[in-house]
Amino acid sequence: MPRRDQVRRIQYTGLFIDNQWCDSAYGNTFPVVDPTTEHLIAQVQEGGEEDVEKAVQAARRAFKKGSAWRKLDASQRGLILWKLADEIEKRQEEFAALEVLDNGMPYSLALNLDVKFSIGILRYYAGYADKIQGSTIPADGGGGGRRLVYTLEEPVGVVAAITPWNLPLMMVAVKLAPALSAGCTMVVKPAEQTPLTALLLAQVIKEVGFPPGVVNVVPGFGETAGSALTHHPDVDHVSFTGSLEVGREVQQVSGATNLKTVSLELGGKGPAIVCRSADLDHAVDMCQKFCYVISGQACCALTRTFVHESVYDEFVKRSTERAMRNAATFGDPFGPETTHGPLIDRTQFERVLQYVHQGKEEGAKLECGGTRLYDKGYFVAPTVFSNVTDEMTIAKEEIFGPVQQILRYSTIEEVVERANNTIYGLAAAVFTKDLEEAHQLAADLESGQIWINDPLGLTVQTPFGGYKQSGIGREYGIEGIKHFLQTKTVIVKL
């Protein structure tokens with residue numbers, strides 16, 4: 001495991017447009033700060049409307065019929081994606097260490113989840129590139145004649161990928177890999193808090209031989225670079241992961257301009273339901289582990305823990321003991337024993353502490369945590385609330401921090417109604433030894449993912465996305481490439 005002082009000097013801080021590094025047209029930069037030390041890592045070029053225009057036009061040229069990219073066979077697209085995965089794998093420690101600096105996640109998580117999962121995503125869609133196919137349709141002839149009818153699955157065009165800061169490389173990979181597999185071209189706007197691995201990825205994309213303009217990376221802010229992308233008439237699809245509030249704006253603007261299609265992966269307030277038959281030790285461990293994943297900064301985090309009244313008190317006791325015991329594992333993300341790092345920035349740090357204050361004010365019982373850890377860095381102690389009721393703010397709103405809320409329930413019918421009483425529907429978990437109960441809950445819960453005794457059972461092959469206001473569409477698996485394709489029907493009179 002590298003030390004912080006062993007991380008190489010940050011090399012790539014510019015805009016990546018048409019396979020060239022350049023400065024912002026406006027001459028602006030913005031700071032990227034290490035959330036562990038609160039020290040400046042680098043000044044990064046800030047893209048604006050003029051830079052987005054250049055990037056979109058580069059992507060449009062690369063997508064034009066007859067371009068080097070469009071001339072590639074589908075199998076060749078797959079090979080170059082596989083080559084990209086291989087090169088990232090060779091440099092995986094470099095990517096992981098950069099992610100730790102930029103995001104604050106523990107090195108083990110950066111390497112084993114963020115980077116290695118990204119490699120898996122690239123390889124999955126590399127293999128899918130020459131499996132994209134249409135179909136023949138036995139259509140009615142009409143008037144006694146005969147028709148040959150077939151469909152073609154074609155790339156949608158220029159894709160804008162706007163990504164979040166919680167798993168920076170992985171969130172780029174899950175948009176980039178299927179889009180390129182389908183034959184699209186891209187402009188990526190990484191989160192302003194964490195642009196560094198996206199920029200390193202851009203350099204690797206150039207080195208492995210992607211034609212100019214196929215992938216462009218424009219770091220900047222949502223209200224400038226992001227807005228320019230969603231408004232741009234030459235962007236055909238926007239793939240966005242982030243907050244519900246911004247997701248609504250992306251959908252509205254995309255529709256109001258050129259009716260560009262959108263795929264949205266937004267917020268969540270995931271319920272974990274602990275049934276009376278559950279293995280309590282396993283449930284305590286998993287519920288808290290996947291509430292605090294990435295220090296609670298995950299849209300699919302299990303933050304509402306519903307526990308059957310017969311085991312409620314014991315569950316609260318064990319959860320509190322676990323949180324207090326594991327507080328020591330919150331610390332320097334380069335540390336070998338660290339399992340949780342800081343929150344991403346001061347804004348998020350203050351937001352989480354405000355939610356803790358609000359929870360106490362509204363009558364929830366603070367069992368442990370809820371305070372700052374350490375003098376430096378945006379660390380919040382692992383927090384457990386009991387006696388939480390459905391109408392409390394902490395039970396309704398996405399906190400995005402290491403704050404577990406434990407609620408009591410009596411019957412399965414009751415807990416289903418309460419778990420579904422939310423605007424979100426991204427992920428849910430069930431802990432039970434009763435197979436019938438498990439399948440009944442899976443059928444009744446309104447959520448895009450239901451994990452039975454296996455929280456966060458996410459793989460590259462399994463579609464991921466939300467019901468209700470948790471998003472539109474799915475990522476990963478075969479479903480994940482459909483956003484980037486459009487169907488053409490050809491009808492031939494014989």
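Analyst: F210 touches N19, W69, I80, L81, L84, L180 and I205, leaving aside residues up to four places away in sequence; contact here means heavy atoms within 4.5 Å. F210 is also listed with L84, I121 and L176 as having the most contacts inside the largest nonpolar core, which has 107 residues. A second, separate core of 27 residues includes Y355, A395, L407 and V430. A nonpolar core is a set of buried Ala, Val, Leu, Ile, Met, Phe, Trp, Tyr and Cys residues joined through side-chain atoms within 4.5 Å. Buried means under 20% relative accessible area, exposed over 50%, and partly exposed in between, with a 1.4 Å probe and protein chains only.

This is a predicted model, in which local features need pLDDT of at least 70 and side-chain atom pairs count only at pLDDT 80 or more, while totals for chains, interfaces and linings use all residues. Residues are numbered from 1 along each chain as its sequence is written, and side-chain values use heavy atoms, with hydrogens and water left out.

N216 lies in strand 9 (residues 215–217); strands (E, at least two residues) and helices (H or I, at least four) are DSSP runs numbered from the N terminus. N216 counts as buried because its relative accessibility is 0%. Its side chain reaches the backbone nitrogen of D18 at 2.8 Å and the backbone oxygen of M186 at 3.0 Å. Beyond four places in sequence, N216 touches F16, I17, D18, A55, A58, A59, M186, V187 and V188.

Next come the pockets. A pocket is an open set of points on a 1 Å grid over the protein atoms alone, where a 1.4 Å probe fits, with protein on both sides within 12 Å along at least five of seven lines; lining residues have an atom within 4 Å of a point. The largest pocket holds about 1,000 Å³ of space, a volume being the space filled by probe spheres set on the points. Its lining has 39 residues, of which W165, F240, G242, S243 and V246 are the closest to its centre. Helix 8 (222–231), strand 10 (237–241), helix 9 (244–256) and helix 12 (346–361) each supply at least two lining residues of this pocket.

The second largest pocket holds about 590 Å³. Among its 31 lining residues, L109, L113, F290, V293 and L456 are the closest to the centre. Helix 5 (107–128), helix 6 (168–182) and helix 11 (312–326) give two or more residues to this lining, and helix 5 has the largest share, 5 residues.

Technical notes:
A polar contact is a pair of N or O atoms within 3.5 Å; within protein, one must be able to donate a hydrogen and the other to accept it, and residues adjacent in sequence count only if both atoms are side-chain atoms.
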